[in-house]
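Trainee: I would like to learn how to read ligand shells and helices. Please walk me through an example.

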Amino acid sequence: MKFPGQRKHKHYFPVDARDLRSKEVGLPSRPVRSHICGIAQTLVDIEAHVDDDLLARHQLVKGNSLLIDDAAANALYAELKQQGKIVEEHAGGTIGNTLHNFATLSDERAVLFAVMERQIEIGSYAYKYLSNTSSKVDVNQLQPVDGPIGRCFTLITPCGERSFAISKGAMDKLEPEAIKPELVASAGALVFASYLMRSGDGDNIDQAALRAMAVAHEAQVPVVLTLGTRFLIEQDPAFWQDFIQQHVTVLAMNEEEAEALTGESDPLKAAEIALQWCDLVLCTAGPEGLYMAGYCEESQLRETEHELRSGAIGEFNRYEFSRPMRRDACDTPVKVYSYIAPYLGGPVEILNTNGAGDGALAALLHDMAANRYHRINVPNSAKHAVSSLSYSSFSQICKYANRVSYEVLVQHSPRLSRGLPEREESLEEGYWDR
Ligand SMILES: Nc1ncnc2c1ncn2[C@@H]1O[C@H](COP(=O)(O)OP(=O)(O)OP(=O)(O)O)[C@@H](O)[C@H]1O
Ligand SMILES: Nc1nc2c(ncn2[C@@H]2O[C@H](CO)[C@@H](O)[C@H]2O)c(=O)[nH]1
């Protein structure tokens, strides 16, 4: 397990280089590993730069992710191919990206519950998917299917917005039996996306997710939901509010999805509203940066050393040096918020914003998994006197998540090709100290 977040001095947990005293206090001689689990729709992204007219001609909606049938997918593919508009084809899917990025950042295992074509030909989409996936992503649990995996046409219009058209293939054919309860129950987190809940009749990926959530709930494993697109949420916000209340510990969303869920356009205020349904919120807000909101026990609060900020909530970052806790784990829960502007103000050139939010979530998951790893290996550490959801503070996680998003913005693929640099070379090394 790599050390999450701050990358200046220590890159790995000291538990990997334990001194002889560890034997005296009865610690295991080799660190116990930790993993997370995710339930994913297996998708390859087909990235193309198009004009608004193409979206209109194919009845697509800007910013949305729409399911399209085979005839529409074939017509779209033929047009993009014929006009030479396809720039890249790479493994995608919100959770596939998140697990890959988690594994790349942390060097830890991420178990992928998803389908995969039974017979794979070299050069096929299934082949591309697997060869674009980190070797730390555990693909041993994939459920074989007879149909093709899904294709996600990722259409980028001149304004920089990306719109998705999904040809789903067999991506929703995951069965509840494919979920291995023992892997979920021993995980640091279970993560899935709201997209799963729109699977059609005869497809059971939603049932598979519900099964996994029930196991996670029983074993006190944090359940992490990322909201895919605002269009899905605004169809029935009450359903999602209720769903989050019933199942979800940690909610990740962007500011548009936050507004669809809560009716509030201010991301900070929306995050506060969402805290009535879950324990921790990550809300990204594009060029504005990102917010976190959560709970901490009053006696564990730590005041920030940064300048106090006011917005929809006055001096909202006062306790951002605290670590997030489940509301139920607090005797006197206090709401805590943090915010950060984009790293270096954002890249000079953004190649593709696709997956920037998935990157931020991967960083948060890394920090959560690191906490569990540390708790298992150094149970007597003062860090674990109270039960926190993460290893680092709200403030530190914000920085880390933001830093990872930056890395996604400067490449085409939503998947990181490598971890963060071991040492930040830029003048902004002080970023971590701010
Ligand atoms: N135009 C931009 N300029 C600077 N930073 C940006 C920009 N767009 C995104 N970011 C950074 O990336 C983070 C996540 O972006 P965003 O809110 O767009 O995610 P998202 O909509 O969930 O993306 P996706 O769904 O594609 O994963 C932001 O918090 C910010 O740090
Ligand atoms: N799982 C899933 N991912 C999607 C869907 N629509 C878009 N995406 C992914 O969203 C990612 C960016 O967040 C892209 O890599 C897309 O593959 C969908 O319906 N399901």
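Trainee: Which element gives the largest share of the shell around ligand 1?

Mentor: First, the ground rules. This is a predicted model: local features need pLDDT of at least 70, side-chain atom pairs count only at pLDDT 80 or more, and totals for chains, interfaces and linings use all residues. Residues are numbered from 1 along each chain as its sequence is written, while chains are lettered from A and ligands numbered from 1 in written order. Elements are DSSP runs numbered from the N terminus: helices are H or I, at least four residues, and strands are E, at least two. Here, α12 gives the largest share, four residues.

Trainee: Which residues are closest to ligand 1?

Mentor: A residue is near a molecule if its C-beta atom, placed from the backbone, lies within 6 Å of it. Ligand 1 has 20 residues around it, with T284, P342, G346, G357 and S405 the closest. Two elements, α12 (356-377) and α13, each give two or more residues to this shell.

Trainee: Is α13 mostly covered or exposed?

Mentor: Buried means 20 or more other C-beta atoms within 10 Å of the residue's own; exposed means 12 or fewer; partly exposed lies in between. In α13, 15 of 16 residues are buried, and the helix is mostly covered.

Trainee: Which residues come nearest to ligand 2?

Mentor: Q41, S65, G92, C152 and Y195, out of 19 around ligand 2. β2 (43-49), α4 (94-106) and β10 (162-167) each give two or more residues to that shell. The largest share, three residues, comes from α4.
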